[in-house]
Amino acid sequence: MTISMSDVMQVIHRYAPKDFYPKVGMILGSGLSSLAEQITQAVSIPYQAIPGMPSGGVAGHASLLVMGYLQEVPVVCMRGRLHLYEGIAYDPVRTLVRIVKQLGCESVIITGAVGSLRPEAGPGDVMMITDHINFQPGNPLVGINDETIGPRFFAMEDAYDANLQEIMSAAARRLNIPLHKGVYLSTLGPSFETPAEIRAFRQWGADAVGMSVVPEVLIARHCGLRVACLAAITNAASGMSKEKISHEGTLQFGELAARKLTKLIPEFVKELSKTAIA
Ligand code: HPA
């Protein structure tokens, strides 16, 4: 089902504070809800109130679109994301990213959990994504193209904005947060990878592997949003450590990385708002 963005935005504007013009959008992976809690004067919309969102547990009770202020900068934040491995179509993912654009933001910060393919980047660390390899079986822009949203064919050379990367690196330096840089490879999931897959991905040039991010980056670039992407390293990728990968382990180290991200992202947002490119 194709969702009309004007129907979606009618709902969003019904909830949005008067004269609210967010500068930055944020899409937060699971485990980063504490960042959303830093948002002041917050107005929350449950995903289920937004037309076209999947029903039931997928867009469950923790899934909220939050509008408010971070470091006094107006922001819109997707707290909780939709993953393709949940069996959803691309439509609701497109809707969430396009809301950010339609509210007037020029930039979006996308976060997600990853396994690391680099021995020096360990669990609990943060990696700034500089490029990606789409290994998911599809592209969210397949189908009839709406030229009012973006062009049929669009470049991905500068998908991860160089200026935003500079601002992010400077913010990390000021806060003394080590920031790795690397290439994100997306899988569909929900299984983690085999060691052979990880060896192959290393040869392709991947530094991190995860089950999200890439569809949102594609949708964001299609509609002209600038993208900054931070990955929380929750584990060494399959076969790269004696530790067995478990969901429990990823939660534990995700929390460690999330603590860094909840400092880094507000600092980044504050700096970004001072520049002309916000
Ligand atoms: N693989 C894929 N996705 C992930 C991983 C991983 O090792 N860790 C966290 N998300």
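For E193, a polar side-chain atom lies 2.8 Å from a nitrogen atom of the ligand, and for N235 the corresponding distance to a ligand nitrogen is 2.7 Å. Taken alone, the ligand exposes 260 Å², and the protein buries 94% of that; accessible areas here come from the Shrake-Rupley method with a 1.4 Å probe, and for residues only the protein chains shown count as cover.

Residues are numbered from 1 along each chain as its sequence is written, and side-chain values use heavy atoms, with hydrogens and water left out. Since the model is predicted, local features need pLDDT of at least 70 and side-chain atom pairs count only at pLDDT 80 or more, while totals for chains, interfaces and linings use all residues.

The ligand sits in the largest pocket. A pocket is found on a 1 Å grid over the protein atoms alone, as an open set of points where a 1.4 Å probe fits, with protein on both sides within 12 Å along at least five of seven lines; a molecule sits in one if more than half of its atoms lie within 2 Å of its grid points. Around the ligand come A113, V114, G115, F192, E193, V209, G210, M211, T234 and N235, where the test is a heavy atom within 4 Å of the molecule. The elements that give two or more residues to this shell are β5 (107–116), β8 (208–210) and β9 (226–236). Strand β5 gives the most, with 3 residues. Strands are DSSP runs of E with at least two residues and helices are runs of H or I with at least four, both numbered from the N terminus.

Strand β5 also holds S116. S116 is buried, with a relative accessible area of 1%; buried means under 20%, exposed over 50%, and partly exposed in between, using a 1.4 Å probe and protein chains only. A polar atom of the S116 side chain lies 3.0 Å from the backbone oxygen of R118. The side chain of R118, in turn, makes a polar contact of 2.7 Å with the side chain of D207. A polar contact is a pair of N or O atoms within 3.5 Å; within protein, one must be able to donate a hydrogen and the other to accept it, and residues adjacent in sequence count only if both atoms are side-chain atoms.

D207 itself is placed in the loop between α5 and β8, and is buried at 9% relative accessible area. A polar atom of its side chain also lies 2.7 Å from the backbone nitrogen of V183. Another loop residue, A121, lies between β5 and β6 (126–134) and counts as buried at 3% relative accessibility. Along the sequence A121 and D207 are 86 residues apart, yet C-alpha to C-alpha they are 9.1 Å apart in space. L84 is in the loop between β4 and α3 (91–102) and is buried, with a relative accessible area of 13%.

Most residues other than glycine have a negative phi, and most peptide bonds are trans. E72, however, has a positive phi near 65 degrees. E72 is in the loop between β3 (64–70) and β4 (73–79), and counts as exposed at 76% relative accessibility. V213 also has a positive phi, near 65 degrees, but is buried at 1%, in the loop between β8 and α6 (214–222). The peptide bond from G189 to P190 is cis, with omega near 0 degrees, and P190 is found in the loop between β7 (179–186) and α5 (195–204).

That leaves the cysteines. The count comes to 0 disulfides, a disulfide being a pair of cysteine sulfur atoms within 2.5 Å. For C105, the nearest cysteine sulfur is that of C223, 10 Å away. C105 counts as buried at 1% relative accessibility, and C223 is buried as well, at 4%.

Definitions and conventions
On a 1 Å grid over the protein atoms alone, a cavity is a set of points where a 1.4 Å probe fits but cannot get out, and a pocket is an open set with protein on both sides within 12 Å along at least five of seven lines; lining residues have an atom within 4 Å of a point.
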